[in-house]
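This report describes how the parts of one protein chain are arranged. Please examine the sequence and the model before reading on.

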Amino acid sequence: MVERVEDPALTASRLTGRRVTGGPVGVGSPAEVTLEDGTTVMVKRGDGPGAVRAEAAGLRWLGAARAVRVPEVLGHDEWSLVSERVPTGAADPGAATRFGRALAALHAAGAPAFGAAPPDGPVEAYIGRAPMRNVRGDDWPSWYAEHRVLPYLRSAVDAGTVRPGEAGVIEAVCERLPALAGPAEPPARLHGDLWQGNVLWGADGEVRVIDPAAHGGHRETDLAMLRLFGCPHLEQVLDGYEETSPLADGWRDRVGAHQLFPLLVHAVLFGRGYAEQALSAARATLAG
């Protein structure tokens, strides 16, 4: 087995079968490496067992929809992934509208079930550095509560990030999800970790997405995450989305419920500030 820590230039050459003519000093991740034909690639190390397999499978599954563009996966093994480097430029309203249309088409490509992993993707996956289990379910409210909200709530309570007396407000949202979730929808093909850092505004005027935590879910979850962490020209993104695939009435009132998942993940990873945001989102959802 290849060691997890390896010079990125060696990793790029080994996984692509091409010589390297330029690369970084040291073993940082992600790293830019130049191949013999002048192509610049990104070399990224996984954060845990199965992380690279999940990311590679997710990129390929998203790319197979021929909707939102993704960097091409050029090679990977258990610990490292080599992918196309995307030259970036400024965020543009026109690109935002096109991204919204493409995101709607991606979601419409669908998934076999809520919680379904990409083909060849592991059940034990990741969202960022946090473990994420891709367990299938037929009903979005119960699946979302059981596999996306409550596991991270329990972890946050165990760590003291959410106090035991506070957990009840988030549990109450989970109990009321069948009434709060809006009309039933089929499973969407989600990016799964669609914060602004994973949206690349290409120098060619087209958006790419990176670092997915791809799975079958509710399409409003991706949109809620874009709103949570900010996205340039978000209203243009939403306009393009609704032109292609109108959202169900009341979707803006459900944003807080969909944000519970990423906020609790961040509470587990980064602490109390995100726990307070999750509690505020839960209270607002119940009050609305």
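## The sheet

Two strands are said to pair if DSSP finds at least two bridges between them. In this predicted model, strand β2 (residues 31–35) and strand β3 (residues 40–45) run antiparallel and are joined by 4 bridges. Within that pairing, Thr34 has Thr40 of β3 as its bridge partner.

These strands belong to an open sheet of 5 strands, ordered β1-β2-β3-β5-β4, with antiparallel pairing. Because β1 (20–22) and β4 (73–76) stand at the edges with a single partner strand each, one side of each has no neighbour in the sheet. From one strand to the next, the twist averages 35 degrees. Helix α2 (residues 51–64) packs on the sheet, where it touches β3, β4 and β5 (80–84). The direction of α2 makes about 160 degrees with that of β4.

In soluble globular proteins, nonpolar side chains tend to be buried together. The largest nonpolar core here has 38 residues, and Ile127, Tyr144, Tyr152, Ile170 and Leu260 touch the most other members. Helix α4 gives the most to this core, with 8 residues.

Leu260 touches residues including Tyr144, Ile170 and Ala278, not counting residues up to four places away in sequence. A second, separate core of 35 residues includes Leu59, Trp61, Leu103 and Leu238.

## Two packed helices

Helix α6 (residues 219–228) packs against helix α8 (residues 255–270) at an angle of about 75 degrees, and their axes are 8 Å apart. Angles of 65 to 115 degrees count as roughly perpendicular, so α6 is roughly perpendicular to α8. Among the residues making the contact are Ala224 and Leu228 of α6, and Phe261 and Leu263 of α8. The contact residues comprise 7 nonpolar, 3 polar and 2 charged.

Technical notes. Residues numbered from 1 in each chain as written. Predicted model: local features only at pLDDT ≥ 70, side-chain atom pairs only at ≥ 80, totals over all residues. Heavy atoms only, no water. Axes fitted to C-alpha atoms, helices over the stretch in contact; angles between N-to-C directions. Parallel < 35°, antiparallel > 145°, perpendicular 65-115°, else oblique. Contact = heavy atoms within 4.5 Å. Nonpolar A, V, L, I, M, F, W, Y, C, P; charged D, E, K, R; others polar. Core = buried A, V, L, I, M, F, W, Y, C linked by side-chain atoms within 4.5 Å. Buried < 20%, exposed > 50% of the residue type's maximum accessible area, 1.4 Å probe, protein only.
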